[in-house]
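Dear colleague,

Please find the structure below, handed over for your records.

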Amino acid sequence: MPKIVIQNLHNKEIFITNEKIILLDIIHQNNIDWMHACGGKGRCTTCKVQVLSGLENFSSESPAELKFRDMKRLLPNERLSCQCRVSGDILVKVAPENKFNHLTYSD
């Protein structure tokens with residue numbers, strides 16, 4: 001079962017039981033509050049994850065991700081959690097600009 005580790009949330013580990021579900025939904029199903037201002041429709045970048053390892057385990061980039069990458073709003077190691085699926089272990093972190101004030105981060 002693939003594992004997601006969110007480094008700056010105290011190395012929180014969650015497991016992927018269904019690889020057909022988008023990353024944002026997996027995060028929310030595990031009771032982790034994750035920003036998604038557009039409702040997970042790929043219209044903003046507030047749900048992005050910074051990928052520290054396992055980038056090869058993500059699905060292909062969506063048209064929305066390619067658009068934001070062209071606009072320089074997504075770095076090469078960032079993905080929109082509302083647009084991608086994961087098929088293997090990944091290590092990610094919450095982007096600094098997308099952190100919630102009510103959560104305690106470990107970085």
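A residue is called buried under 20% relative accessible area, exposed over 50%, and partly exposed in between. Glu13, with a relative accessible area of 42%, is therefore partly exposed. Please note that this is a predicted model.

Glu13 forms a salt bridge with Lys3 through their side chains, at 3.7 Å from N to O. This pair links distant parts of the chain, as Lys3 belongs to strand β1 (residues 3–6) and Glu13 to strand β2, 10 residues apart. Lys3 is partly exposed as well, at 25%.

Both strands belong to an open sheet of five strands with mixed pairing, in the order β2-β1-β5-β3-β4. Strands β2 (12–15) and β4 (78–80) are at the edges and have a single partner strand each, so one side of each lacks a neighbour in the sheet. Within the sheet, β3 (residues 48–53) and β5 (residues 90–94) run antiparallel and are joined by four bridges; Val51 stands opposite Val92 in β5.

The count of salt bridges comes to seven. Among them is the pair Glu61 and Arg69, at 2.4 Å from N to O; Glu61 is partly exposed at 31%, whereas Arg69 counts as buried at 18%.

Glu65, in helix α2 (residues 63–70), is buried, with a relative accessible area of 0%. A polar atom of the Glu65 side chain lies 2.9 Å from the backbone nitrogen of Ser62. Residues that Glu65 touches include Leu74, Arg79 and Cys84.

Yours sincerely

Definitions and conventions
Residues numbered from 1 in each chain as written. Predicted model: local features only at pLDDT ≥ 70, side-chain atom pairs only at ≥ 80, totals over all residues. Heavy atoms only, no water. Pairing = 2+ DSSP bridges. Helix = DSSP H or I, 4+ residues; strand = E, 2+ residues; numbered from the N terminus. Buried < 20%, exposed > 50% of the residue type's maximum accessible area, 1.4 Å probe, protein only. Polar contact = N/O pair within 3.5 Å; in protein donor to acceptor, adjacent residues only side chain to side chain. Contact = heavy atoms within 4.5 Å. Salt bridge = Lys/Arg side-chain N within 4 Å of Asp/Glu carboxyl O. Lists of a residue's contacts leave out its neighbours within four places in sequence.
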